[in-house]
Amino acid sequence: MTHRPKGSMCMSCERRLARCDHLPFREMPVLRTDGTDFMVRCTYYVREKQEDRTR
Ligand code: SF4
């Protein structure tokens, strides 16, 4: 069985270039499963800073 984070979350996460293998994905909320693989909502997600669009 494997637990992995939702890919689209990682794409907008500030930590996406870090290695996240050590994170406890098994303890995170499951978003979807096919019975073998589990897609979880990563609780370590940090939204990437957006460029200043106020100007
Ligand atoms: S912290 Fe979570 S959401 Fe962010 S890159 Fe790592 S696994 Fe993906």
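This is a predicted model: local features need pLDDT of at least 70, side-chain atom pairs count only at pLDDT 80 or more; totals for chains, interfaces and linings use all residues.
View 1. Residues are numbered from 1 along each chain as its sequence is written. The protein chain holds 1 helix and 3 strands, where helices (H or I, at least four residues) and strands (E, at least two residues) are DSSP runs numbered from the N terminus. Read from the N terminus on, the elements follow one another as β-α-β-β. The C-alpha trace spans about 50 × 20 × 15 Å along its principal axes. The radius of gyration of the protein chain is 13 Å, whereas a compact globule of 55 residues would have one near 10 Å; this radius is taken over C-alpha atoms, and the globule rule is 2.2 Å times the number of residues to the power 0.38.

View 2. Strands β1 and β3 run parallel and are joined by 4 bridges, and R4 stands opposite M39 in β3.

View 3. Strand β2 runs antiparallel to β3 (residues 37-40), and 3 bridges join the two. V30 stands opposite V40 in β3, while the bridge partner of T33 in β3 is F38. The hairpin has 3 residues between its strands, and G35 takes a positive phi near 95 degrees there. T36 lies in the loop between β2 and β3, and T36 counts as exposed because it has 7 C-beta neighbours inside 10 Å. A residue is exposed if 12 or fewer other C-beta atoms, placed from the backbone, lie within 10 Å of its own, buried if 20 or more do, and partly exposed in between. Although T36 and H3 are 33 residues apart in sequence, their C-alpha atoms are 8.9 Å apart in space.

**View 4. The surroundings of the ligand.** Among the residues that surround the ligand are C10, C13, C20 and C42, together with R15, R16, Y44 and Y45; a residue is near a molecule if its C-beta atom, placed from the backbone, lies within 6 Å of it. By class, this shell has 9 nonpolar, no polar and 2 charged residues. Here Ala, Val, Leu, Ile, Met, Phe, Trp, Tyr, Cys and Pro count as nonpolar, Asp, Glu, Lys and Arg as charged, and the others, Gly among them, as polar.

**View 5. E51 and the burial of the chain.** E51 has 6 C-beta neighbours inside 10 Å and therefore counts as exposed. The C-alpha atoms of E51 and P24, which are 27 residues apart along the chain, are separated by 30 Å. Of the 55 residues of the protein chain, 7% count as buried.

Definitions and conventions:
Two strands pair if DSSP finds at least two bridges between them.
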